[in-house]
Amino acid sequence: MVVAAYHMEDGNLVRDWKWLRGTQNLADGHQIRLADVDGDGKDEIVHIGFVLNGDGTLRYSLTGSHIVHGDRFYVGKLDPGRPGLQGYGIQQNNPYGVLEYYYDAADGSMIWQHTTAPPAGDVGRGNVGDLDPRYPGYEVWSFSGIYNGPTNTLIPSQKDPWPVINFWGDGDLLSESYNDGKIEEWNYQTGTVERLETPRNYGVGSWRGVPKFYGDLIGDWREEAILANEEYNKLIIFTTNMPTEHRIYTLAQNPLYRNSMTVKGYLQSHLTDYYLGDGMSAPPVPHIYYTGMSANKLDSIYNG
């Protein structure tokens, strides 16, 4: 494995640093995350089993916590009552019996793990989202039930949502999901899954049942899904027709969310670096500006 960083200088790419895994026992997955896990304004490179600082040095490894390869992991503001960002991941054939785990993204310290008699099989799928307003923070789930992440509490359910893609698609602050050509919502009052829309009924083609691209494209904080028709000569965009009373700035203006939209591997949920869920506080104003904006204008925006 090679990880490298570059910057543009006089129209040319200049390499800032290069990191080689070599023989180090550091687990990878099928996607990276780019997240500011320590809050210093610089992104770290996050793999399922280790994190590199923005200068290419190793920040921490999860090897000592028995984390090996897995197909899904997430980093975001999962717990509004805990400082910083949190992470959740699943495992594949873990020799120590680890199925899923929840940890502090700043230093890699484990908060909890769910295990079985080793070796564990391939968990395959896992997801995060605020499904239940009766519990603080995001829920996490694979195939062992829905758990509230911050409290590690198993939530009763008649039918769990398929753990694939978190998708904000209606007017409330709870998470919906995009699953195999369907937009669905878990009803915490009945413990069942309800369908909101069925994009696959509109003649779209789909690999593994996921969109070609998705995210907050229109800008009202709800997310859109882009698919192609079966002949692959049209793009079909699905957006919500549900009103909302919540006002949140465009999600793509959030660095973690924007980074989530750009990295590709197995398509996985986009997350924000502030808590987006039931009972959320107003997020901080994003520190962005148009290229060429004067320093005085920028100062007036952020300092009044």
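Me: On what basis are residues numbered and features counted?
Reply: This is a predicted model, in which local features need pLDDT of at least 70 and side-chain atom pairs count only at pLDDT 80 or more, while totals for chains, interfaces and linings use all residues. Side-chain values use heavy atoms, with hydrogens and water left out, and residues are numbered from 1 along each chain as its sequence is written.

Me: How many helices and strands does the protein chain have?
Reply: Helices (H or I, at least four residues) and strands (E, at least two) are DSSP runs, numbered from the N terminus. On that count the protein chain has two helices and 22 strands.

Me: What radius of gyration does the protein chain have?
Reply: The radius is taken over C-alpha atoms, and the globule rule is 2.2 Å times the number of residues to the power 0.38. The C-alpha trace spans about 55 × 45 × 45 Å along its principal axes. For 304 residues a compact globule would have a radius near 19 Å, which agrees with the value for this chain, 20 Å.

Me: What share of the residues of the protein chain counts as buried?
Reply: Buried means under 20% relative accessible area, exposed over 50%, and partly exposed in between (1.4 Å probe, protein chains only). The accessible surface, from the Shrake-Rupley method with a 1.4 Å probe, comes to about 14,500 Å², of which 50% belongs to carbon and sulfur atoms. Of the 304 residues, the buried share is 48%.

Me: What part of the contacts with a separation of 6 or more joins residues 24 or more positions apart?
Reply: Contact means heavy atoms within 4.5 Å. Among contacts in the protein chain with a separation of 6 or more, residues 24 or more positions apart account for 48%.

Me: Which residues of the largest nonpolar core touch the most other members?
Reply: A nonpolar core is a set of buried Ala, Val, Leu, Ile, Met, Phe, Trp, Tyr and Cys residues joined through side-chain atoms within 4.5 Å. In soluble globular proteins, nonpolar side chains tend to be buried together. The largest core here has 26 residues, and those touching the most other members are Tyr88, Val128, Tyr138, Ile248, Leu251 and Leu276.

Me: What covers the buried residues of α1?
Reply: The buried residues of α1 are Leu256, Tyr257, Asn259, Ser260 and Met261. Their cover includes β3 (33-35), β7 (73-76) and β20 (213-215).

Me: Is isoleucine 248 buried or exposed?
Reply: Isoleucine 248 is placed in the loop between β22 (235-238) and α1. Not counting residues up to four places away in sequence, it touches Leu173, Asp220, Trp221, Tyr274, Leu276, Met280 and Pro283. At 11% relative accessibility, isoleucine 248 counts as buried.

Me: What is the omega of the cis peptide bond that joins proline 118 and proline 119?
Reply: Most residues other than glycine have a negative phi, and most peptide bonds are trans. Proline 119 is in the loop between β10 (110-115) and β11 (127-129). The bond joining proline 118 and proline 119 is cis, with an omega of about -5 degrees.

Me: What is the phi of aspartate 10?
Reply: Aspartate 10 is in the loop between β1 (2-9) and β2 (12-20). With a relative accessible area of 77%, aspartate 10 is exposed. Its phi is positive, in a residue other than glycine, and is near 55 degrees.

Me: Is asparagine 152 buried or partly exposed?
Reply: Asparagine 152 is found in the loop between β13 (146-148) and β14 (153-155). Its phi is near 55 degrees, again a positive value in a residue other than glycine. At 30% relative accessibility, asparagine 152 counts as partly exposed.

Me: What distance separates the C-alpha atoms of glycine 292 and glycine 97?
Reply: Glycine 292 is found in the loop between α1 and α2, and at 71% relative accessibility counts as exposed. Glycine 292 and glycine 97 are 195 residues apart along the chain, and their C-alpha atoms are separated by 54 Å.
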